[in-house]
Amino acid sequence: MKSSNPVFGAQAMERYRQLASSTSSIPITEQMTINGSINKIFILTIFLIGSAVISWTLYASQPGFAGLLGMGGIIVGFILALIISFKNTTAPILSPVYAICEGLAMGFISAVFETMYPGIAFQASFGTFGVLLTMIFVYKFKIIKVTEKFKTGLLIATGGIALLYLLTFILSFFGIYAPFIYEGGLIGIGFSLLVIGVASLNLLLDFDFIEKGAEYGLPKHMEWYGAFGILVTVVWVYLEILRLLAKLRQND
């Protein structure tokens with residue numbers, strides 16, 4: 001499991017271009033709201049956790065079948081994420097399906113790691129929750145302001161990580177690996193910390209999108225799109241924390 005889903009961070013800038021094209025002709029009842037987005041986030045989270053529990057449970061008795069579900073979830077989830085990212089009107093229908101697919105993948109991956117390192121899944125979940133609360137606090141009190149320079153810098157960093165993961169994934173087919181990145185040495189741990197930092201900062205872009213979308217009165221379906229963005233980022237953070245904890249366990 002050396003590949004990660006870098007949350008399609010490049011789409012963050014595209015979201016703001018969509019804001020500029022919004023109009024005030026949309027009825028208030030059909031406009032995006034912050035509360036509506038929060039409700040959608042809870043709905044997607046329920047789908048995610050529910051399917052993760054199913055995959056996790058199946059792994060104990062049918063690891064092969066759980067593996068098929070997990071790999072299927074990764075592939076289908078990736079395709080759905082691409083569709084939603086480029087066609088946001090599909091978000092109300094496809095986002096719940098995406099959440100289920102990601103849950104199946106996360107449940108399987110977590111079960112595999114849990115078998116090797118007991119207790120690691122709970123630690124990763126707790127760490128992800130902590131990151132989410134921290135980023136909410138940081139955004140709420142404007143400790144880090146989401147400026148255009150910040151967006152551009154974060155976009156470059158996220159794109160760089162995505163390209164690196166893609167390159168290492170392609171090279172793996174030729175038997176070429178990047179051990180310093182994926183092993184538990186100082187370089188590997190430092191790289192994981194860097195990626196977790198970048199992934200966490202992407203949450204600020206998601207929060208800003210939801211706030212700006214409600215302010216500009218974007219269409220109601222953008223609540224699902226904003227919730228989808230939060231979910232993708234949170235999944236990325238969780239997987240990177242899981243990977244970091246595994247590296248730390250290797251050094252024990």
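Guide: A patch, in this predicted model, is made of residues with over 30% relative accessible area and no salt bridge, with nonpolar side chains joined within 5 Å.

Visitor: Which residues make the nonpolar surface patch of about 640 Å²?

Guide: That patch is made by Ile75, Val76, Phe78, Ile79, Leu82, Ile83 and Phe86, and Ile75 has its place in helix 3.

Visitor: How many salt bridges does a search of the whole structure find?

Guide: A salt bridge is read from a side-chain nitrogen of Lys or Arg within 4 Å of a carboxyl oxygen of Asp or Glu, and the search finds six. One of them joins the side chains of Lys151 and Glu148, at 2.8 Å from N to O, and both residues lie in helix 6, three residues apart, about one turn of the helix.

Visitor: Is Lys151 buried or exposed?

Guide: Lys151 counts as buried because its relative accessibility is 6%, under the 20% cut-off.

Visitor: What is the setting of the salt bridge between Glu240 and Arg243?

Guide: The closest N and O atoms of Glu240 and Arg243 are 3.7 Å apart, both residues lie in helix 9, and both are buried.

Technical notes
Residues are numbered from 1 along each chain as its sequence is written. This is a predicted model: local features need pLDDT of at least 70, side-chain atom pairs count only at pLDDT 80 or more; totals for chains, interfaces and linings use all residues. Side-chain values use heavy atoms; hydrogens and water are left out. Patches are made of residues with over 30% relative accessible area and no salt bridge: like charges are joined within 9 Å, nonpolar side chains (Val, Leu, Ile, Met, Phe, Trp, Tyr) within 5 Å. Accessible areas come from the Shrake-Rupley method with a 1.4 Å probe; for residues, only the protein chains shown count as cover. Helices (H or I, at least four residues) and strands (E, at least two) are DSSP runs, numbered from the N terminus. Buried means under 20% relative accessible area, exposed over 50%, partly exposed in between (1.4 Å probe, protein chains only).
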